[in-house]
Amino acid sequence: MSITAAIVLAAGEGTRMKSSTPKVLHSIAGKTFLQRVMLAVGGTEPQAVAVVVRNQAERVAAAATSYNEQALIVHQDDIPGTGRAVQCAMDELTAEGSLSGTVLVVAGDMPMLDGATLRSLVHEHEESGNVATILTCLLDNPFGYGRIIRDSAGGFVRIVEQKDGSDSELAVHEVNTSVYAFDASVLAQSIEKLNSSNAQGEFYLTDALANAHELGNVGLVTVSNPLRVEGVNDRVQLAKLAKAHNQEICEYWMREGVTILDPETTWIEDDVVLEADAVILPGSYLQGSTFVAAEAVVGPDTTLINARVERGATVERSRVESTRIGQEATIGPWTYLRPGNELGKGTKAGAFVEMKKAVIDEGTKVPHLSYIGDAHIHHHTNIGGGTITANYDGVHKLHTEIGAHSHIGAGNMFVAPVTVGENVTTGSGSVVRHDVPADSMVYSENTQHVVEGWKPAWERE
């Protein structure tokens with residue numbers, strides 16, 4: 001393939017999304033539509049990528065350059081239409097001279113588009129010697145799409161938009177996907193002739209195909225899976241495609257040896273990695289760069305975000321963010337591990353535990369109803385229920401250190417910064433404000449007062 005340039009159309013407002021977020025920056029499985037399209041385009045290895053922006057141009061441009069820092073950002077002017085978008089892009093791409101080879105044109109709102117589909121289109125385009133090639137698909141309900149009109153021999157005649165079509169033309173089920181391969185010189189000539197004489201008063205890129213037809217053969221390539229080229233115009237379509245994409249991901253991992261008990265209620269993003277013999281239970285949501293090792297069990301009703309779950313660990317009914325969970329560790333239920341935790345082998349964060357930037361060494365247990373933040377608890381220590389590390393003085397987050405083989409009583413409070421040595425035992429209800437040496441016992445003196453026969457004021461009255 002000799003792709004000179006790829007043009008990504010990302011200028012539309014997407015009014016039917018009814019969102020303050022540009023349509024192309026909505027996401028499926030952890031990646032925006034624009035990022036997905038640019039990844040697909042990148043799979044064809046074009047010499048240049050031009051992204052056309054207009055609505056919230058700075059925001060879309062920033063996203064595009066974060067996905068490909070070499071992307072050429074093209075600002076569409078106030079003249080509407082996809083044809084005008086391509087005119088602007090070609091003006092930028094040809095600023096230093098004419099182009100030769102293939103130019104790929106792709107809509108930026110097709111989140112399931114992939115590199116294989118684009119490579120197939122370009123291959124057919126170049127092998128057939130077409131001046132342009134259109135990627136089409138067959139839809140049971142083609143409403144809203146431009147229809148492909150063929151002649152009696154099956155060749156391309158033109159594309160008719162929904163608002164401009166006759167009854168017979170709108171009865172056609174083959175539709176334009178807004179993905180094209182053009183000979184660069186033919187594209188340059190074809191877009192020069194565009195005008196806005198249509199129902200929407202826009203410069204249609206589809207009219208350029210009719211112009212190209214006058215210069216040579218316009219080919220048609222029909223994609224086998226319509227989901228690959230389905231656009232998103234509203235939240236209903238977004239949900240439909242997200243579900244279809246998630247089904248593909250779940251099926252992939254199940255074929256790789258992962259047990260997913262209920263794919264209908266399990267959501268897995270693109271960059272998640274699962275080992276064979278991992279088990280994912282219903283209601284689980286795996287996001288970002290999450291990794292789950294063999295024999296680990298995740299769920300039910302668990303969210304992992306950029307988490308690492310090592311072999312044999314169990315995470316149940318919990319939320320885990322940017323945390324490494326060691327081998328055979330047990331998490332949950334109803335536990336919240338905020339970013340920055342490291343839990344060693346055989347550790348436990350039990351029911352209703354919250355942790356943040358905590359290092360929990362091998363064999364240590366934090367059974368239930370505790371908060372451990374900005375702390376390091378050494379190996380084989382047991383933390384009594386209801387214990388907290390008071391890490392915030394109103395300005396700074398301060399550190400707590402608790403040594404190995406210690407036994408921390410229920411309801412303890414460690415007022416950071418504080419260091420507790422090894423083999424320390426603390427009494428229930430202790431408030432530890434000062435460092436404790438190793439091999440010690442510490443408790444807080446709390447006098448118990450009993451008032452016999454007491455009644456609340458409303459009863460006494």
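A disulfide is a pair of cysteine sulfur atoms within 2.5 Å, and a search of the whole structure finds zero of them. The model is a predicted one, in which local features need pLDDT of at least 70 and side-chain atom pairs count only at pLDDT 80 or more, while totals for chains, interfaces and linings use all residues. Residues are numbered from 1 along each chain as its sequence is written, and side-chain values use heavy atoms, with hydrogens and water left out.

**View 1. Two cysteines, cysteine 88 and cysteine 137, and their burial.** Buried here means under 20% relative accessible area, exposed means over 50%, and partly exposed lies in between, as found with a 1.4 Å probe on protein chains only. Cysteine 88 has a relative accessible area of 8% and is therefore buried. Cysteine 137 also counts as buried, because its relative accessibility is 3%.

**View 2. Helix α1 and its crossing with helix α2.** Helices are DSSP runs of H or I with at least four residues, strands are runs of E with at least two, and both are numbered from the N terminus. Helix α1 spans residues 33–42 and is mostly covered, since seven of its 10 residues are buried; these are Phe33, Leu34, Arg36, Val37, Met38, Ala40 and Val41. An α-helix has 3.6 residues a turn, so residues three or four places apart point the same way. The axes of α1 and of α2 (residues 57–67) come within 10 Å and cross at roughly 40°, which means that α1 is oblique to α2. Axes are lines fitted to C-alpha atoms, for helices over the stretch in contact, and angles run from 0 to 180 degrees between N-to-C directions. Angles under 35 degrees count as roughly parallel, those over 145 as roughly antiparallel, those from 65 to 115 as roughly perpendicular, and the rest as oblique. The crossing of α1 and α2 is right-handed; a crossing has this hand if the near helix is turned clockwise from the far one by less than a right angle, and is left-handed if the turn is anticlockwise. Leu34, Gln35 and Met38 in α1 meet Val60, Ala64 and Tyr67 in α2, where contact means heavy atoms within 4.5 Å. By class, this contact has five nonpolar residues, one polar residue and no charged residues. Ala, Val, Leu, Ile, Met, Phe, Trp, Tyr, Cys and Pro count as nonpolar, Asp, Glu, Lys and Arg as charged, and the others, Gly among them, as polar.

**View 3. Helix α6 against helix α3.** Helix α3 (residues 82–93) and helix α6 (residues 184–192) pack at an angle of about 125°, with their axes 10 Å apart, so α3 is oblique to α6. Their crossing is left-handed. On the α3 side the contact is made by Val86, Gln87 and Met90, and on the α6 side by Ala184, Leu187, Ala188 and Ile191. The contact of α3 with α6 has six nonpolar, one polar and no charged residues.

**View 4. Helix α6 against helix α7.** Helix α7 covers residues 206–213, and α6 packs with α7 at an angle of about 115°, their axes being 8 Å apart; α6 is therefore roughly perpendicular to α7. The crossing of α6 and α7 is right-handed. Here Val186, Ser190 and Ile191 of α6 meet Ala208, Asn211 and Ala212 of α7, and these residues divide into four nonpolar, two polar and no charged. The buried residues of α7 are Thr206, Ala208, Leu209, Asn211 and Ala212, and what covers them includes the strands β7, β9, β10 and β11 as well as α6.

**View 5. Asparagine 233 and its contacts.** Asparagine 233 is found in the loop between β11 (218–222) and α8 (235–255), and with a relative accessible area of 23% asparagine 233 is partly exposed. Not counting residues up to four places away in sequence, asparagine 233 touches Arg16, Met17, Lys23 and Asp109.

View 6. Most residues other than glycine have a negative phi, and most peptide bonds are trans. Lysine 18, in the loop between β1 and β2, has a positive phi of about 50° although it is not a glycine, and lysine 18 is exposed at 74% relative accessibility. Aspartate 439, in the loop between β38 and β39, has a positive phi near 55°. The peptide bond from glycine 332 to proline 333 is cis, with omega near 5°, and the bond from alanine 416 to proline 417 is cis, with omega near 0°.
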